[in-house]
Amino acid sequence: MLLEVEGLSVRFGGLTALADVTLAVAPGEITAVIGPNGAGKTTLFAAISGFLRPQAGRVRFAGREVGGMPPERLCALGLVRTFQVTRPFAGLTVRENIAVAAHLRHASRKAALALAERVAARVRLEDRLDRPAAELTLAGRKRLELARALATEPRLLLLDEVLAGLNPAEVAEMEPVIRGLRADGITVLLIEHVMQAVMRLSDRVWVLVGGRIVASGPPATVVRDPAVIEAYLGRGAAERLLREDALAGGA
Amino acid sequence: MRSLPAIGFFALAALPLPWLTSSGTVLNLATMVLLFATLGQAWNLLGGMAGQFSFGHAAFFGTGAYATAIAQIRFGLDAWSGFALAILAAVAMGALVGFASFRFRLRGSYFALVTLAFAEVARILANSLEITGAGVGLLLPLAPGLDRLQFADKAGYYWFALVLCTGGLVLASLVRESRLGARLAAVRENEEAARALGVDAFAVKMQAILLSAGLAGAVGAFYTQLFLYLDPHIAFGPQVSVEALLGPIVGGTASLWGPVLGAAVLQLLGEASRALTGGATGANLVAYGIVLVLIVRFFPDGIIGMGRARAADARGVTG
């Protein structure tokens, strides 16, 4: 396993955001964490990527204990995240934005700028290279988040809702980009709300509800899990759906 | 080094001034412009590039100024060693201020206040310690000679200041076009995003403050050589800190030339206001205040930013 999370708990005062979360990410796969709003998905990412110190639990990355490490060190080890609310360096151009990340493994300005250009082409930002990042649309900013993360040449990429807020055409453009990462040997852990995309993209899904993992498995199995259906559609929904299925089957 | 030709041109163009004029007033003014341009450049390494607004650069300027004066007067060292010691002492001061604030993640106005506090504490210490001559200050004996970094005429000091200013420009452009420059810009724009991308924000801010403090210390040491007199207010007073940040903000923090342009505008303005008011004390500060308000209100990117906005408008693009 490339990433192993064991018994992770995060509390904000009296509120328990994550309770004893255990999950694993296999190398070379696309793994998704799904769950309704407020389930603790972004908190989970913050705790894994070093932005938040969990009260309990362990995080192992590439066989190494990384709990409590600051984000910049994790990034150097090859674990990088994007932000759901995009955080572009607004005053810099797209090229300069990506170059900051490229500098992680390339000291020379020239090498970093060259890598920035290659990565930009990969997420289809090549025609906006010299525009200020502040000018980008939401879809553009999501691509920039992805491009910067890729420019750090990671082993594990944590994508926080890179498809949220995009229209169907933009989602359709992003999907092959994410799928292409797997082909390049980059392992992906993503949080996503766009369910259809999750079903199509991921090899394995973990379902987080109220700060707890309630189900996991291949996407096709997980969507039929009663606990998951209840979490999304409310108490009794699973039973209702089963009844309707039976009725529809009988007719 | 894309800016190197421009810097070379600047240095060569400024070089012949003492041969073109024998006016002491002009040379004095030009020397002061270069001095404050370099101090502004030092401030801009931290304030403009890294977005860490210091309100206490007097702490570094004054440390440099006192270090060389003390080295020469109290320990009998030559002025060149004094100059080197001044830079080292200012860097040490930068390490202290930087560690005390960046280690504890102080940003924005909190950082500004901490730097101001350090400068004020330094001023009070200089005012009471024996080694700094307390309130009386320190007086260096007048003895022109290259080994003492003292010059018989104003031209020598002008060229000295030009070397310093050119050095500051080269340093700033090297940082600007390097990995450090990219990382400083990232920290300035969004520190959390920078950290997520592997930028050690604490380390790069420390590097910025060390370079900034070292350059400001060199300017302080030059000041000592120029006036051969120091007291706590001259070295550590808040007006030094204000002059350090005013030039870059008026000229434009985003450009290598902003601090130079800002220093030129402010020094000319200060001179004009003194002449107009018959040398009233503080007249230049009133003029600075008015300019600062106008710039911040109408041209937040400084004079250079103003020109860029115009050029962009003319090309029909925004931003």
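Trainee: How many bridges join strand S3 and strand S8 of chain A?

Mentor: This is a predicted model. In it, strand S3 (residues 30–34) of chain A runs alongside strand S8 (residues 187–191) of chain A, and the two pair in the parallel sense. One bridge in this pairing links A:Ile30 to A:Val188. The number of bridges between S3 and S8 of chain A is 4.

Trainee: Which strands stand at the edges of the sheet in chain A?

Mentor: The sheet is open, its pairing is mixed, and its order is S6-S7-S8-S3-S9-S10 (chain A). An edge strand here has a single partner strand, so one side of it is left without a neighbour in the sheet. The strands in that position are S6 (79–81) and S10 (212–217) of chain A.

Trainee: What angle does helix H9 of chain A make with S10(A)?

Mentor: Helix H9 (residues 226–233) of chain A packs on the sheet, where it touches strand S9 (204–209) and S10 of chain A. The direction of H9 and that of S10(A) make an angle of about 125 degrees.

Trainee: Are H4(B) and H12(B) roughly parallel or roughly perpendicular to each other?

Mentor: The axes of helix H4 (residues 58–73) and helix H12 (residues 238–251) of chain B come within 8 Å and cross at roughly 115 degrees. Where they meet, B:Ala58, B:Phe61 and B:Gly62 in H4(B) face B:Pro238, B:Val240 and B:Ser241 in H12(B). By class, this contact has 4 nonpolar, 2 polar and no charged residues. Angles of 65 to 115 degrees count as roughly perpendicular, and H4(B) and H12(B) are therefore roughly perpendicular.

Trainee: Which helix gives the largest share of the side of chain B that touches chain A?

Mentor: The contact takes 19 residues from chain B and 25 residues from chain A. On the chain B side, helix H8 (179–189) and helix H9 (191–196) each supply at least two residues. The residues of that side divide into 8 nonpolar, 4 polar and 7 charged. The largest share, 6 residues, comes from H8(B).

Note on methods. Residues numbered from 1 in each chain as written. Chains lettered and ligands numbered in written order. Predicted model: local features only at pLDDT ≥ 70, side-chain atom pairs only at ≥ 80, totals over all residues. Axes fitted to C-alpha atoms, helices over the stretch in contact; angles between N-to-C directions. Parallel < 35°, antiparallel > 145°, perpendicular 65-115°, else oblique. Contact = placed C-beta atoms within 7 Å. Nonpolar A, V, L, I, M, F, W, Y, C, P; charged D, E, K, R; others polar. Pairing = 2+ DSSP bridges.
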